[in-house]
Amino acid sequence: MSAHNKRNWADVPADHQDPLSYAVSARDRSVISMVDQAVRHKQIMLAYQPVVPAGQATRVAFYEGLIRVLDETGRIIPAKDFIDAIETTETGRVIDCLALDKGLRTLARHADLRLSINMSARSIGYEPWIRTLREGLEADPTVGERLILEITESSAMIVPELVVSFMGDLQKKGISFALDDFGAGFTSFRYLKQFYFDILKIDGQFIRGIAQDPDNQVLTTALATIAQQFDMFTVAESVERAEDAAYLTAIGVDCLQGYFFGAPTVKPVWLNPGTTRARA
């Protein structure tokens with residue numbers, strides 16, 4: 001199709017779109033509106049999920065702070081239900097700012113906590129996000145050494161050179177970086193050599209049911225070997241069964257994360273008086 005005949009479906013009147021395209025467009029607009037409303041009313045929170053050392057399920061290496069919004073009925077909506085719709089929008093950048101701000105405040109209040117926060121590579125040049133990080137570090141310099149920034153594999157590959165520079169600057173301040181959803185199919189190995197991520201999180205599609213899946217066993221072992229070659233700490237995502245946890249431990253994956261060890265919660269153990277949490 002020639003360039004002048006190509007059509008941007010966002011610019012096509014609704015009554016001229018095919019039903020599926022219109023339904024997808026309408027759904028995305030609805031999701032963006034819902035998140036915008038949650039932001040305006042400050043109905044944003046973090047849900048915390050433990051990441052545990054392999055073979056040591058009673059200990060916690062760090063927590064991941066996962067963004068949540070409340071819809072108009074008060075339901076807690078997980079990021080997976082809205083992040084794709086807002087990823088490339090201004091609302092996506094605002095959500096990244098709010099997640100970072102809440103994470104930094106949590107770290108400042110709990111001096112023995114280590115926490116990872118998700119961000120898009122698109123937020124690297126977003127001044128409000130940079131300002132939020134700068135002000136958080138200035139208020140409490142110790143949070144930098146306990147902060148992990150998770151960047152998805154897909155967004156990292158949008159601006160890989162910028163990500164490399166950005167990581168290098170912040171790693172000097174003690175901040176660690178995790179490459180999220182590794183194996184989803186986006187990373188060029190040429191850039192993997194340059195990224196210097198501290199942590200590599202293996203995508204859950206390779207982890208679910210791995211104990212009985214020879215194909216995923218081969219793929220996960222290969223991904224873990226790549227991480228070890230580049231001195232990256234490995235985390236397996238979406239661990240949901242004891243046999244999968246045992247298999248991942250046996251092949252040398254460093255840490256495990258998933259519902260088998262704990263679901264994300266907006267009421268973490270450190271907010272419950274008299275409850276202690278294990279530490280790695």
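Buried residues make up 46% of the 280 residues in this chain; buried means under 20% relative accessible area, exposed over 50%, and partly exposed in between, with a 1.4 Å probe and protein chains only. The model is predicted, so local features need pLDDT of at least 70 and side-chain atom pairs count only at pLDDT 80 or more, while totals for chains, interfaces and linings use all residues. Residues are numbered from 1 along each chain as its sequence is written, and side-chain values use heavy atoms, without hydrogens and water.

Start with the fold. The chain has nine helices and nine strands. These are DSSP runs numbered from the N terminus: helices are H or I with at least four residues, strands E with at least two. Of the contacts (heavy atoms within 4.5 Å) with a separation of 6 or more, 65% join residues 24 or more positions apart.

Now the interior. A nonpolar core is a set of buried Ala, Val, Leu, Ile, Met, Phe, Trp, Tyr and Cys residues joined through side-chain atoms within 4.5 Å. The largest has 70 residues, and Phe82, Trp129 and Leu149 are among those with the most contacts inside it. Helix 3 (residues 90–109) gives this core its largest share, six residues. Beyond its neighbours within four places in sequence, Leu149 touches residues including Leu100, Trp129 and Phe177. Another core lies apart, with seven residues, among them Ile148, Val235 and Cys255.

Finally, the cysteines. Cys255 is buried, at 1% relative accessible area. Cys97 is buried too, at 10%. The count of disulfides, pairs of cysteine sulfur atoms within 2.5 Å, is zero.
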